[in-house]
Amino acid sequence: MKNPIKVFSLQANLFTSFMIISAILILTLGITSYMITNQEVVDKTISSRILLLDEINKQIDIQLQAIEYDSMVVASHPLIEQYLQEDEDSFFRIGRNEQVIDLLSRQSYIKEGIHSVQLYAKDSVNSYYTGANGIFAYSILEQSPMYDMIRHADYIWLGTNKLINGSFVRVHDEVVSFARKVLSSGGKELGVLVVNMKISYMHKLLSSQSADAGRFLLDSSLRLILDSSQIKSDALSYSAISEALPEIMNQGNFPKQFVTHDFDEKQLLVWSKQQRTQWVALDVISWQSITAGSQKIKSTMVIVTVICVLLAITFAYFLARQFVNPIKGLVGAMKHLRTGRLDTRIDNEYSNEFGYLNKQFNNMATNIEELIERLNRQNQQKREADIKVLQEQMNPHFIYNTLDVMNWHAIEAGADEISRMLSLLGKMLRIALSSGESFVPIGKEVEHITCYVELQKIRYQDQIHIHLNIPETIYDYYLPKLILQPFVENSIIHGFHSRRKGFIAIRAMESSDTINFIIEDNGHGMEDTAKVREQQHHGVRNVSDRIDLYFGSAYGVNIESALDQGTTVTITIPKLSAIPLDWEKFREGQDSHGR
């Protein structure tokens, strides 16, 4: 079977392809949007609920710390300690009953959340109280179901419980209690102080305005402290989740602070754990209530998808017809351009995307024409530079042969210093020739400048000190030849033209992709560094022009100078482990990188 694209017309192919692609995109977009929206709703619910539970935990912990601190203050009060250490029938103890009851009752009067404060005195059989506050016999506490937890700890928070009051106080409120042993200075237990918090106040702290789910406050062992699920009739109770809760929250998900589990129906469990008490505030939310909004979005997306498909059919037919003519015109213009007719342009009568394509085609054709002209100019400049370098190499070649003859005559005449100078100069010219190559390893350039430095030392009898510091680690990289010597020569001739003493430092630094050569002198300096590139400094200008020609504007020569403060020249070149074959592409890449 033949490819339908090769059989049917362009219009039919465009229409069919557009319909298939549109249907796939619309369905993919709809399904993906629903899944992302649904997941986003769940994530937002989880994150907002964790923040809410964190804040609830923070408020609860503040209240718990206040209760613990107040209980410690009361338990360590000198009156309480002295009272409990006296015999029950002593005159002192009987006379202090009212004071102690007043001290205990004061907490419930001034603290909104405190229901009552009870002191269970060791070895006492009588009770003295006002309302639910007062002093009670220790036996009442021993008969309480909470006593097993109290007696094994110096202080402990108890969960929701009936008020411990025996048969004396006719109050049967539910409270959340905190028990703290009262100890003598010797560590002996004198009694137990119990602070009872109002269950309504705890519900107020735990519920908040966003309590739209079952909410529980659990201790560090996941035992129930407070159940707020009773405020919602459809919320799960603690008894429905208590058996599975330890296993669910210890399956490696505890640090994530959420997990899903099926309790007859899918539920989302979100929790926050206090750092200090290790208590856990837990929300159990119906998954159906979370995704209810997503179901509405799903129905809306189905309707929108159907409408989009119908619209796609209409527009696909219209657009398929409109696409054919401008595409043909564009293809024809491209064919003309490919044959070398660079003056090809499209008469642009569109102001839509086709107009943009036509405009970009015309811009591209113009850019190609300008680029070819610029490349031709650059190639011409490079050829002229190569010819100029070749011309400069021809004279040194003749001079080198002449110097070699002169060197032998100097040796025969015993003029060792002149022989040394001629040998160094010949070596410099040999490196300058470099078999016609425009680039040499840095090691060769260092050898060339070293010879030049030795020549200057012989000439000036060490009155001008030249220090060379170029690390051998960069010797194998390449650079345009003869770029250091013109600047050293410039420093000697122009920097010290009226003095015979000076210092020149030549050093190199490398980075990940560049090498910097720094040439510093303490000569006269100059006011206008721009003049160095003009007038008679041909060597300096030649180096700058060659670097710009080969590497582009990202590299070059920077000169900093001031009168009587010396001159610093920085030459920046790329780090080349080999000579690039296509200098035009290399330069374009460096220029765009520099910009």
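Predicted model: local features only at pLDDT ≥ 70, side-chain atom pairs only at ≥ 80, totals over all residues.
## What counts as pairing

Two strands pair when DSSP finds at least two bridges between them.

At one end of our tour, β9 pairs with strand β10 (residues 265–273) in the antiparallel sense, over six bridges. Look for His 261: the residue standing opposite it in β10 is Gln 267.

## The whole sheet

Now zoom out. The sheet is open and has five strands, in the order β8-β7-β11-β10-β9, and the pairing is antiparallel. Its edge strands are β8 (224–227) and β9 (258–263), each of which pairs on one side only. On average, neighbouring strands here are turned by 25° against each other, if you ignore direction.

## A strand tucked inside

Next up is β7, which covers residues 214–218. Five of its five residues are buried, so the rest of the structure largely encloses this strand. Gly 214, Phe 216 and Leu 218 point one way from β7, while Arg 215 and Leu 217 point the other way, and all of them are buried.

## The partners of β7

With strand β11 (residues 280–286), β7 makes an antiparallel pair over five bridges. Here, Leu 218 sits opposite Val 280 of β11.

β7 also pairs with β8, again in the antiparallel sense, this time over three bridges. In this pair you'll find Phe 216 opposite Asp 227 of β8. β7 and β8 form a hairpin with five residues between the strands, and in this hairpin Leu 222 takes a positive phi near 65°.

Technical notes. Residues numbered from 1 in each chain as written. Heavy atoms only, no water. Helix = DSSP H or I, 4+ residues; strand = E, 2+ residues; numbered from the N terminus. Axes fitted to C-alpha atoms, helices over the stretch in contact; angles between N-to-C directions. Buried < 20%, exposed > 50% of the residue type's maximum accessible area, 1.4 Å probe, protein only.
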